[in-house]
Amino acid sequence: MSYLLQVGLETHLELKTKSKIFCSCENSFSSLPNTHCCPVCLGHPGTLPTLNGEAVRLAVMAGLALNCKIQKNSIMDRKNYFYPDLPKAYQISQFDVPLCRDGFLTLSSGKIIRIERIHIEEDAGKLIHKDGKVYIDYNRVGVPLIEIVTHPDIESVDEAREYVQKLQRLMRYLGISDCKMQEGSMRCDVNVSVRKEPTEPLGTRTEIKNMNSVSYMTRAIEYEYKRQSELLEKGGRVKRETLRFIESDGSTQPMRSKENADDYRFLPEPDLLSLTLTHDEIEAIKAKIPELPDEKIKRYTECFGLSPEDSENLIKYPAVANYFEKAAQIFGRPKMLSNFICGQIFAFLKTEEEKESFDIPVTPENLCELLSLLEQKKISNALAKETLGKMLQSGKSCGAFLSEEDFSVLDENTLKSFCREALEENQKALADYKDGKEKALKAILGAVMKKSKGKAQAEKALKIIKEIIG
Ligand code: ZN
Ligand code: MN
């Protein structure tokens, strides 16, 4: 008997503010350990927190983009626990009256993942385990976080992956967080339970803490699903506990049995007033929200006539979308632009980071200059690709690589003689083609391209080759 999977995600995002949430220490990721600390974030007696307004604005922006109700009054609370990464011995968070409530994120299938709440809180320090010792870096203490909590609406590993990726993309568009899982600016806690029938109450859930990559997260969910199903099948019971994912073998291990809210002794933070927002303040934040990814995809398919897949590729990173839109304003062939950006240029950029920053030496103007030569059929597709490759390497415009003689399209007779030569030199491919292997023509076409130094137009050459073969 197979079980139904039910997953809820709690995602912590570090907000990109200049300073920390309750003091003026710099909020930066890569600094020498313990260089951005002060008596406030280190929790010295007698210090008082001051709430960073920018952190609140970014959190509200996230809430609005996730269709939440923004609460005009919310409360900051103390969550008490004792651990070396938390010098105050409590974290300032929000408990029963969070900043945002009742939102949702829509998956590509149209399915809605309900967001229960978004609250703001401060990050804890970082423990570094090395050579049998534990080191503490307090630079991260007091970095502003939002925690986005879903209902357990996610029912497969694919949905979990898509949720995280869409959330990541959305937050990057808002510019409120880097969302880098490997650097810890985005971390997911995953609640997993299983049950037999959708009509049954939810099963007992386990929580896997601090997933720092999407692939670990999906592996952890798969492992927990299997473990819980097998346990129930044998007549056992799932224990409510907090687990750690073991990267080496893909298993989960208990960290501690789950605390109740009671164990944290939440109490309203006496050193801060309740957090109030006016209607006008919320409207002002709303006005700053840029065009969001789903709206962009809609516009790209409707206005530019691109396929949903091409649109997804282009909008994945804001820098790529900006580049494409600049180019599309100059050159009215969006499909051709999209092909060259997602093809040649993406191939040139090796890592996701490079694609994200999209710091290429070819300006939109230079790309359009090249592609308009292709559009006017002055150069072939192959030559355009080759030239773009050189432009990407050198940062020079296409004029540096193309001369007047490249623009002269091959005359028909020269092209025919190239085709004849190519056929003679590729008897094996010719035989294969005659045997019904359509693909064999590619080798012959390739030879024509080589002979013409990329100047032959592929379609025309193919036509001639077929005519010669008869
Ligand atoms: Zn500080
Ligand atoms: Mn939290």
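# Close-up views of a predicted model

Ile315 is buried, with a relative accessible area of 0%. (Buried means under 20% relative accessible area, exposed over 50% and partly exposed in between, with a 1.4 Å probe and protein chains only.) This is a predicted model, in which local features need pLDDT of at least 70, side-chain atom pairs count only at pLDDT 80 or more, and totals for chains, interfaces and linings use all residues. Residues are numbered from 1 along each chain as its sequence is written, chains are lettered from A and ligands numbered from 1 in the order in which they are written, and side-chain values use heavy atoms, with hydrogens and water left out.

**View 1. Ile315 and its contacts.** Ile315 sits in helix α6 (residues 308–315). Helices (H or I, at least four residues) and strands (E, at least two) are DSSP runs, numbered from the N terminus. Leaving aside neighbours within four places in sequence, Ile315 is in contact with Arg169, Tyr173, Pro293, Lys296, Ile297, Tyr300 and Ala321. Contact means heavy atoms within 4.5 Å. The C-alpha atoms of Ile315 and Leu292 are separated by 9.5 Å. These two residues are 23 residues apart along the chain.

**View 2. The manganese ion (ligand 2).** Three residues are shown as donors: His12 (NE2), Glu121 (OE) and Glu147 (OE), at 2.0 to 2.2 Å. Donors are N, O and S atoms within 2.8 Å of the metal (3.2 Å for Na, K and Ca); water is not among the atoms, so sites may look incomplete. In sequence, the donor residues are spaced H-x108-E-x25-E. Glu121 lies in strand β7 (residues 112–122) and Glu147 in strand β10 (residues 144–150), so the pair ties together parts that are 26 residues apart in sequence. Glu121 is buried at 3% relative accessibility. Glu147 is buried at 9%.

**View 3. The zinc ion (ligand 1).** Cys23 (SG), Cys25 (SG), Cys38 (SG) and Cys41 (SG) are the protein donors, 2.3 to 2.4 Å from the ion. The 4 donor atoms subtend angles of 100 to 113°, which makes the arrangement tetrahedral. Four donors count as tetrahedral if all angles lie between 85 and 135 degrees. The sequence spacing of the donor residues is C-x1-C-x12-C-x2-C. Cys25 and Cys41 link distant parts of the chain, 16 residues apart. Both are placed in the loop between β1 (4–14) and α1 (53–65). Cys25 is buried, and so is Cys41.

**View 4. Asn52 in the loop between β1 and α1****.** Asn52 counts as buried at 13% relative accessibility. The side chain of Asn52 reaches the backbone oxygen of Ser19 at 3.2 Å. This is a polar contact: a pair of N or O atoms within 3.5 Å; within protein, one must be able to donate a hydrogen and the other to accept it, and residues adjacent in sequence count only if both atoms are side-chain atoms. Not counting residues up to four places away in sequence, Asn52 touches Thr17, Ser19, Lys20 and Ile21.

**View 5. An open sheet of 3 strands****.** The strand order is β5-β4-β15, with antiparallel pairing. Two strands pair if DSSP finds at least two bridges between them. β5 (90–93) and β15 (267–268) stand at the edges, each with a single partner strand, so one side of each is left without a neighbour in the sheet. Strand β4 (residues 77–80) pairs with β15 over 2 bridges. Asp77 has Pro268, in β15, as its bridge partner.

**View 6. Two residues with positive phi, Ala89** **and Asp102****.** Most residues other than glycine have a negative phi. Phi of Ala89 is near 70°. Ala89 is found in the loop between β4 and β5, and is partly exposed, with a relative accessible area of 27%. Phi of Asp102 is near 55°. Asp102 belongs to strand β6 (residues 100–106), and is partly exposed at 43% relative accessibility.

View 7. A disulfide is a pair of cysteine sulfur atoms within 2.5 Å. By this rule the count comes to 0 disulfides. Cys179 is buried at 0% relative accessibility. Cys303 is exposed, at 58% relative accessibility.

Terms used: Tetrahedral: all angles 85-135°; square planar, octahedral: opposite > 155°, others 65-115°.
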